[in-house]
Amino acid sequence: MIASILCLSAQAGNTSPLLLGNNHAMKRVSVTQRYILLPVQEREDYASIRVLANNQQVQTLNVKLAVDKVDYYVPLDLQRFGINEILLDITFHGDRRFTGAMKDFICWNEMKQSNSFEPKKEEKYNPVYHHTPVYGWMNDPNGMFYKDGVYHLFYQWNPYGSQWENMTWGHSTSRDLIHWEAQPTAIEPDALGSIFSGSCVVDKKNNRVVALYTSDGNKTQVQSMAVSTDGGQTFKKYAGNPVLVSTEADFRDPKAFWNPEVQKWNLILAAGQEMRIYSSADLMDWKYESSFGTGLGCHDGVWECPDLIKLQVRGTDKQKWLLICNINPGGPFGGSATQYFVGEFDGHKFTCEHTDTRWMDYGKDHYATVTFDNAPDGRHIAIAWMSNWQYANQVPTKQFRNANSVPRDLDLFEYQGQTYCGVTPSRELLALRSKTTNKLPQAGEIVVDLKGSAEITLSNQIGEQIVLNYDAKGKTFAMDRTRNYASFSENFPCKTVAPVYGDIRQFRIFIDRSSIEVFDAEGRMSMTNLVFPQEPYNNIKVVGGKATMYEFK
Ligand code: FRU
């Protein structure tokens with residue numbers, strides 16, 4: 001009896017794994033601190049981990065556990081299980097499992113416990129004023145809403161690695177759309193699947209915030225609902241999930257909104273190559289209304305992340321609807337991009353008024369664009385994920401991967417008898433301007449006043465350069481990032497070109513450590529591109545215009 005107790009406790013403290021086969025092992029962990037830090041090696045295959053507590057499975061996650069080199073660590077919170085000992089049941093995938101070398105994988109010795117987790121902040125491409133997760137992978141912005149002076153931004157997040165996996169809703173809040181504070185994880189994977197993109201609405205009548213999101217299960221996508229009664233800080237999943245199902249394989253990214261014209265909630269979601277529109281009185285029971293998309297716009301990829309908003313046409317008393325349709329691949333420069341349609345919507349059916357394909361932003365790194373629910377002053381504020389699915393998993397950062405664009409206000413403008421989407425940097429960005437500087441900032445804004453064609457070149461000593469070219473006669477604006485570091489992906493080097501609707505008199509160029517966003521100050525052209533200069537650009541040459549530069553802190 002005494003012998004067996006001793007043996008058990010020795011095992012509990014033992015760091016060596018219990019080997020169960022070529023690719024299967026268990027690791028007992030006696031919980032002494034809040035987190036276990038899991039070592040990650042990005043080029044390895046995923047290992048599936050089942051966390052067992054008291055012989056119950058309490059969590060599953062996929063982590064690229066380090067085999068012979070540690071790229072970085074990710075924290076698994078042990079405290080939440082409220083137990084002294086857990087068992088990690090680990091299955092390794094990929095080629096390594098045939099080598100019989102599992103016992104020598106360095107992950108066994110590198111798993112460490114700690115009461116804190118401090119992700120390294122000092123990465124050279126970590127943006128200064130763009131939203132990023134504190135650590136880990138991020139894609140689409142999700143469920144953005146405004147309430148009681150606070151903007152809430154949720155996002156597709158992998159808390160266990162800097163590449164896409166384990167989709168969870170991360171959460172950040174801000175009072176000015178620029179300075180974001182990290183909040184506890186909002187919605188975690190469950191038995192219906194991982195938590196894909198979706199939206200939140202402020203349900204004023206019932207004093208609650210409701211999230212509608214896609215549960216991505218094993219080859220099925222269904223829509224689920226979660227409710228917050230504390231202003232979006234915590235969510236409780238609805239016990240009757242799912243609330244909307246289909247036989248369609250790609251059926252996701254619900255965006256709900258209150259439509260005062262029909263006194264109902266509407267919802268738009270992506271189903272393969274079309275957008276489907278629904279209505280509901282209670283956000284739970286959804287009635288199919290119509291589908292949109294056949295024969296219109298670009299169909300060279302899967303339609304994703306829709307939005308549907310009513311906007312003012314500048315300088316008129318007209319209002320029209322804008323249907324946002326993100327598509328991957330099929331973008332104008334390869335990979336993912338945001339197209340849009342202008343038209344009418346009567347609560348049941350969206351009718352597009354044009355036949356040409358239109359892009360909201362003519363850069364290569366602008367995707368999954370959606371708007372905030374309930375934004376103040378009737379504003380329609382959009383944020384885009386600032387990357388492209390062609391290389392988002394490979395860009396040269398480590399402890400975190402990917403950032404969001406600066407916030408932009410959307411409206412509509414008319415040009416030569418057509419109505420287009422206007423994109424203007426949100427006014428909160430003006431507050432970042434401090435003193436002007438003569439030195440090209442690493443993080444700041446360059447305002448260029450011009451009278452006609454112009455060329456702006458940013459460069460560094462090692463010959464990397466970005467060339468921005470405005471051709472007033474040809475009515476195009478272009479950004480060339482071909483002479484830059486790009487060894488992580490052959491799809492990265494590119495020259496992006498935008499049509500220009502009317503003369504541009506001023507450019508606003510937002511530069512951060514790894515991105516450049518260019519806007520026509522009047523909001524008729526935007527171009528968002530990533531850049532990874534090996535040394536900061538420290539030289540600017542402007543031909544045909546005058547630049548004023550502001551450094552942002
Ligand atoms: C778009 C997307 C969505 C999906 C999410 C998964 O980037 O593919 O359609 O919900 O990412 O992370």
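Strands here are DSSP runs of E with at least two residues, numbered from the N terminus. The model is predicted, so local features need pLDDT of at least 70, side-chain atom pairs count only at pLDDT 80 or more, and totals for chains, interfaces and linings use all residues. Residues are numbered from 1 along each chain as its sequence is written, and side-chain values use heavy atoms, leaving out hydrogens and water.

Select the ligand and the shell around it. β9 (136–147), β13, β17 (251–259) and β21 (302–312) each supply at least two residues of that shell. Of the 13 residues around the ligand (a heavy atom within 4 Å), Asp140, Gln156, Arg252, Asp253 and Trp389 come nearest.

Next, show side chains. A polar atom of Gln156 is 2.6 Å from a ligand oxygen atom. For Trp389, the distance from a polar side-chain atom to an oxygen atom of the ligand is 2.9 Å. The protein buries 95% of the 320 Å² that the ligand exposes when taken alone (Shrake-Rupley method, 1.4 Å probe).

Now select residues 194–203, strand β13. Eight bridges join β13 to β14, and the two run antiparallel; strands pair if DSSP finds at least two bridges between them. Look for Gly198, opposite Tyr213 in β14. Four residues separate the strands of this hairpin, and Asn207 in the turn has a positive phi of about 50 degrees.

Move on to β14, residues 208–216.

Finish at β15, residues 221–228, which pairs with β14 in the antiparallel sense over eight bridges. Here Ser215 stands opposite Val222.

Key:
A polar contact is a pair of N or O atoms within 3.5 Å; within protein, one must be able to donate a hydrogen and the other to accept it, and residues adjacent in sequence count only if both atoms are side-chain atoms.
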